[in-house]
Structure formats: structure tokens, C-alpha cells
Amino acid sequence: MLKVGLTGGIASGKSAVGEMFAALGAHLIQADEIAHQLMQPEESVYQEVVRHFGAAILNADGTINRARLAELAFGGTSELVPSRIEELNRIVHPAVIRKQEEWMEETGRQYPHAVVIVEAALILEARAEKSFDRLIVVTCRPEQRFERWAARTKTDIETARREVERRMAAQFPDEVKIKAADSVIDNSGSLEDTRKQVDEVFRKLALEANDQRPTTSH
């Protein structure tokens with residue numbers, strides 16, 4: 001089994017790239033989906049998040065309103081409203097990482113030669129990179145992040161730019177992520193161009209997972 005971390009800045013296209021890897025045969029899990037499950041009312045993480053951030057983040061049915069939580073966690077546009085993202089991350093990250101580790105180990109038992117991929121925005125920020133054999137970083141141009149966020153949230157481009165920049169302030173810059181990466185997927189071009197890069201990277205990962213590294217003749 002080869003453990004792979006897939007990361008990148010906000011709206012870089014990590015999920016699209018992850019789906020491409022999954023289509024090629026990789027086993028994929030998303031840290032954001034794990035976090036979503038851990039914030040269900042029956043979970044201890046839910047209790048801690050509500051204790052720290054208050055009942056104002058709850059919907060009428062008792063579930064967490066993720067938009068309200070994000071507003072509190074990332075801070076307002078005014079400097080008078082400080083960011084509390086580190087406080088939220090201290091609650092959520094350890095539990096998410098435990099679930100990731102359990103999933104990777106279980107998948108490895110079932111599929112000993114699998115390429116298992118965890119898609120997570122904050123692998124480096126959470127100091128979780130040592131959990132992986134390889135790290136892949138997805139990048140794109142800043143203006144593309146704004147356009148993608150605007151399309152995703154159905155907001156205007158200026159609102160999207162402010163929100164993306166606010167959230168990016170809680171993440172390492174691309175330069176830091178790229179320096180730590182084993183492979184970089186440039187998602188600035190067409191989907192076909194991105195897919196070609198994914199194909200090439202996956203071939204190498206699959207060889208390594210099967211311990212079929214090419215040998216150099218002397």
C-alpha cells in the first residue's frame with residue numbers, strides 16, 4: 001500500500017483531481033467529509049465545537065450550520081473580529097487524522113497494493129505529512145480560485161475574492177506546499193491537461209504501490 005496525501009490551497013481543484021485519481025483506481029477519502037461526519041450531533045467533536053463556539057452556530061434541528069461556523073472561525077472582514085480557525089482546528093484535526101489513519105490501515109489490509117489517497121486542505125498546516133509516503137499538491141492561478149469560489153457559492157467575483165483571501169490567510173502559501181511536494185498538479189489549464197498530469201503521476205504511484213519500481217541498467 002502507498003499512502004498519498006493530496007493537498008492544495010482553497011479552490012485549487014483538489015476534489016476534481018481526487019476524482020480523477022479515483023477513476024484510475026486509487027482509493028480516495030476526503031478529510032472534509034470526515035470532518036462533516038464528526039460534526040453530527042452524536043459525535044464528541046460536535047459537543048466540543050458547540051461548547052467553544054456556542055449555540056448560535058446551530059440550525060433549528062440541532063445540526064451545525066457550517067456557514068455560520070466558518071464565519072466565526074475565519075473571522076470577519078473587520079480586524080475587530082479575530083480569526084478563531086486555530087481554535088477550531090485544535091478540536092477537529094486530531095479526530096480527523098485518527099479517522100484517516102484508521103481508514104488507510106483498513107484499506108491496506110483489504111488491498112495490500114492499493115494507492116490510498118487522503119484529500120485534505122491542511123495536511124501541512126496540521127503537521128500530518130509524516131502520515132504519508134507521498135505528497136501531491138494541486139495549484140492554480142489566484143484569479144481562478146476567485147472564479148471557482150464565485151461559481152461554487154453563487155456570489156460575485158469581488159465577494160469571492162475577499163472570502164478566498166480571508167480563508168487563504170489560514171493556509172500555507174502555495175510556495176511552501178510545492179516545496180514539500182513529491183508531485184505538483186498544475187490545474188490552471190484545461191481539464192484534459194490536468195487529467196494528463198494525473199495519469200502520469202498515478203502510473204508512478206501504482207508502480208511504487210506494487211513495488212515495481214523501474215531499475216536502472218548499468
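Contact here means heavy atoms within 4.5 Å. By that criterion, A31, I34, A35 and L38 in helix α2 meet V92, A95, V96, K99 and Q100 in helix α5. Helices (H or I, at least four residues) and strands (E, at least two) are DSSP runs, numbered from the N terminus. The model is predicted: local features need pLDDT of at least 70, side-chain atom pairs count only at pLDDT 80 or more, and totals for chains, interfaces and linings use all residues. Residues are numbered from 1 along each chain as its sequence is written, and side-chain values use heavy atoms, with hydrogens and water left out.

**The sheet**

- Five strands make an open sheet, ordered β2-β3-β1-β4-β5, with parallel pairing.
- β2 and β5 (183-186) are at the edges with a single partner strand each, so one side of each has no neighbour in the sheet.
- From one strand to the next, the twist averages 20°.
- Two strands pair if DSSP finds at least two bridges between them.
- β1 (residues 2-8) and β3 run parallel, joined by five bridges; K3 is opposite V116 in β3.
- β2 (residues 27-30) pairs with β3 in the parallel sense through four bridges, and I29 faces V118 in β3.
- β4 (residues 134-139) and β5 also pair in the parallel sense, over four bridges; here V137 stands opposite V184 in β5.

**Strand β3**

- Buried means under 20% relative accessible area, exposed over 50%, and partly exposed in between (1.4 Å probe, protein chains only).
- Strand β3 (residues 115-119) is mostly covered, with five of its five residues buried.
- V115, I117 and E119 point one way, while V116 and V118 point the other way.

**Helices on the sheet**

- Axes are lines fitted to C-alpha atoms, for helices over the stretch in contact; angles run from 0 to 180 degrees between N-to-C directions.
- Helix α2 (residues 31-38) packs on the sheet and touches β2 and β3. Its direction makes about 50° with that of β2.
- Helix α9 (residues 191-209) lies across β1, β3, β4 and β5. It runs at about 160° to β5.

**The α2/α5 pair**

- The axes of α2 and α5 (residues 85-110) come within 10 Å and cross at roughly 115°.
- α2 and α5 are therefore roughly perpendicular to each other. Angles under 35 degrees count as roughly parallel, over 145 as roughly antiparallel, 65 to 115 as roughly perpendicular and the rest as oblique.
- The crossing of α2 past α5 is right-handed. That term applies if the near helix is turned clockwise from the far one by less than a right angle, and left-handed if anticlockwise.

**Helix α6**

- Q144, R145, F146, W149 and A150 are the buried residues of α6.
- Their cover includes α7 (157-168) and α8 (174-180).

**S188**

- S188 sits in the loop between β5 and α9.
- Its relative accessibility is 16%, so S188 counts as buried.
- S188 touches T139, C140, R141 and Q144, leaving aside residues up to four places away in sequence.
- S188 and A55 are 133 residues apart along the chain, and their C-alpha atoms are separated by 40 Å.
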